[in-house]
Amino acid sequence: MGVLFPPAGDTASIRTDFSVPTDIHYFNMSYMAPRWYSVKAAAMDALTETASPWTMTSDDFFSGVEALRHSFAKLINASADDIAIMPAVSYGIETATRNLSISRGQTILTLDDQFPSNIYPWHRLATQQNASLKTVRCPQQGDWTEALLDAITEETAIISIPQVHWSDGRSISLKTIGAKARSSGAHLVVDATQSLGAVPLDVEVIKPDFLMAACYKWLLGPYNLCLCYIAPRHQGGEPLEENWVNRKHAADFTRLTDYHDDYAPGARRFDMGERNSPLHIPMMIAALDALHAWTPQTINETIAAQWARWLPAFEKEGFRAPPVASRAGHMLGLHAHRRATADDVAALKEKNIFLSARSGALRISPYLFTSDEDWSALLSALVAHFQN
């Protein structure tokens, strides 16, 4: 019998399955997700199995990995052949820098205050190729999409952006930017860490060159795992590493020293070494099972409905949110009358209020388990803290 998933609106049941105590007010999904019970169970089963390695077979190095590839591909409307397994988004970005062309005088576009892992590799590439790294600043009205459209020119070679800005949840229309990138001859690289799992995403619509997401946030999975979509046109490219498992015929353990120049098909050549982690892979499969059951669309609509009920109360107390047109449905950055700091986060933590401060905003990221009691506690705590 499979895992039974309560409806996305069943806050109490979902909260129990995430083991979030009623006195913990967790608004920090954008930092790290609590573990869904089936993900924890998968981890415990894996630990038990690896304690008895004589029960494992060579097929265990491949079957789980391929099941994960298929499940993740289903989430983004891709093929399993398009999916590479990596340890972190930085590996995906670095893979993109090795396989996208840029010439002297061309430009790489990124966003202001973008996450560092999506900046440093492009800075190095621009320096090496005598190109330019251009940072697009958020306009006063807060519409990243319009700002990006204005910044894309015939000199633009690469656009490397998120779907949702990590600091305050302002969203970007990847469909619009993808279309402009294609018409301009630019490559599109997407870090979907702060959206994938909580926002619908279809690579057939966006048509990115590379798209990746860390698994431990909205994908509900383990740390030290990233899933990466690589468009078919780049699947003959250069991987970051040469390991035994990304080569053709690797499944035949008796012939591993019959060395091959050929790689495994599709995006598998980009897989990390030891990709077949007996702990991480089953955890991620269990996490994706939950996401398929609830669907990102339902998750987004459910969390957006929470925001719709409660945001007016925060605005009445003087907290400011991004403009309506640019908001994502699942996370928002609220601005107080002063910049939020790490000291504010620590003080709120003393009251069992868990959130983050990013770029001066209070980054608030609830989930399906968030109750009205949580929202009320958050509002009271923020008003008391920032009025002092």
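The accessible surface of the protein, computed by the Shrake-Rupley method with a 1.4 Å probe and, for residues, with only the protein chains shown counting as cover, comes to about 16,700 Å², of which 52% belongs to carbon and sulfur atoms. The structure is a predicted model, in which local features need pLDDT of at least 70 and side-chain atom pairs count only at pLDDT 80 or more, whereas totals for chains, interfaces and linings use all residues. Residues are numbered from 1 along each chain as its sequence is written, and side-chain values use heavy atoms, with hydrogens and water left out.

Of the 388 residues of the protein, 53% count as buried, a term that stands for under 20% relative accessible area, with exposed meaning over 50% and partly exposed the range in between (1.4 Å probe, protein chains only). Where contact means heavy atoms within 4.5 Å, 72% of the contacts between residues at least 6 apart in sequence join residues at least 24 apart. The C-alpha trace spans about 70 × 55 × 35 Å along its principal axes.

The protein contains twelve helices and twelve strands, taken as DSSP runs (helices H or I, at least four residues; strands E, at least two) and numbered from the N terminus. Its radius of gyration is 22 Å, close to the 21 Å that the globule rule gives for 388 residues, so the protein is as compact as a globular protein of that length; the radius is taken over C-alpha atoms, and the rule is 2.2 Å times the number of residues to the power 0.38.

Three strands form an open sheet in the order 9-12-11, with antiparallel pairing, two strands being paired if DSSP finds at least two bridges between them. Strand 9 and strand 11 stand at the edges, each with a single partner strand, so one side of each is left without a neighbour in the sheet. The twist averages 40° from one strand to the next, with axes fitted as lines to C-alpha atoms (for helices over the stretch in contact) and angles running from 0 to 180 degrees between N-to-C directions.

Strand 9 (residues 332–334) is joined to strand 12 by three bridges, and glycine 333 has arginine 363 as its bridge partner. Three bridges likewise join strand 11 (residues 356–358) to strand 12, where alanine 357 stands opposite leucine 362 and arginine 358 opposite alanine 361. Strands 11 and 12 form a hairpin with two residues between them, and serine 359 in the turn has a positive phi of about 55°.

In a regular strand the side chains alternate between the two faces of the sheet. Within strand 12 (residues 361–364), Ala361 and Arg363 point one way and Leu362 and Ile364 the other, and all are buried.
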